[in-house]
Amino acid sequence: MSLKEQINGLQHIGVPTKNMEETIAFYEKLGFETAFETVNDGDRVVFLKFASLVIETYESKDAAMKSGAVDHIALDVKDIEKTYELINQEGLNTTKDTIHFLPFWENGVKFFTIEGPNKEKIEFSQYL
């Protein structure tokens, strides 16, 4: 199976924030609704959904707060282990990241992140 066959499409866009309430209020005015909320390493994480678009916003004291501050795009994959294998075979895992687990959503997610040619972060993520 090829890498292209592993990717379902865009899963979410990661946007760090210093003010979660202001961020939620802004996206709600655009029609987004809270789909999932949790705490990770003491920081609040909220997934906001509008149709098929999902924004993962999370508190970060290091949020850039400037143009171009989107932290990552996440691609939804069928099989995280197979995707990881294919990414490594292609020599794309220049960050040497490994597969991580977070207890998000109903059964958790597994993910890893690579860096694109413009220093953009691309996360590969599988809902479990």
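Author: The second largest pocket has a volume of about 220 Å³, a volume being the space filled by probe spheres set on grid points that are joined across faces, edges and corners. Its lining counts 13 residues, and those closest to its centre are Val15, Pro16, Thr17, Thr23 and Met65. A pocket here is an open set of points on a 1 Å grid over the protein atoms alone, where a 1.4 Å probe fits, with protein on both sides within 12 Å along at least five of seven lines, and lining residues have an atom within 4 Å of a point. The model is predicted, with pLDDT of at least 70 needed for local features and 80 or more for side-chain atom pairs, while totals for chains, interfaces and linings use all residues. Residues are numbered from 1 along each chain as its sequence is written, and side-chain values use heavy atoms, with hydrogens and water left out.

Helix α2 provides the largest share of this second lining, 4 residues, and β1, like α2, supplies at least two; helices (H or I, at least four residues) and strands (E, at least two) are DSSP runs numbered from the N terminus.

Since Glu21 belongs to α2 and Arg44 to strand β3, the pair ties together parts that are 23 residues apart in sequence. The structure holds 7 salt bridges, each defined as a side-chain nitrogen of Lys or Arg within 4 Å of a carboxyl oxygen of Asp or Glu.

Strand β3 leads on to the sheet, an open one of 8 strands in the order β2-β3-β4-β1-β5-β8-β7-β6, with mixed pairing; strands pair if DSSP finds at least two bridges between them. At the edges stand β2 (33–40) and β6 (100–102), each with a single partner strand, so one side of each is left without a neighbour in the sheet. Strand β2 runs antiparallel to β3 (residues 43–50), joined to it by 7 bridges, and Thr34 has Leu48 of β3 as its bridge partner. These two strands form a hairpin with 2 residues between them, and Asp41 in the turn has a positive phi of about 50 degrees.

For the largest pocket, the space amounts to about 440 Å³, and of its 22 lining residues, Glu56, Tyr58, His72, Leu102 and Glu123 lie nearest the centre. Strand β8 gives the most to this lining, with 4 residues, while β1, β3, β4, β7 and β8 each supply at least two. The lining of the largest pocket divides into 9 nonpolar, 6 polar and 7 charged residues.

Note on methods: Ala, Val, Leu, Ile, Met, Phe, Trp, Tyr, Cys and Pro count as nonpolar, Asp, Glu, Lys and Arg as charged, and the others, Gly among them, as polar.
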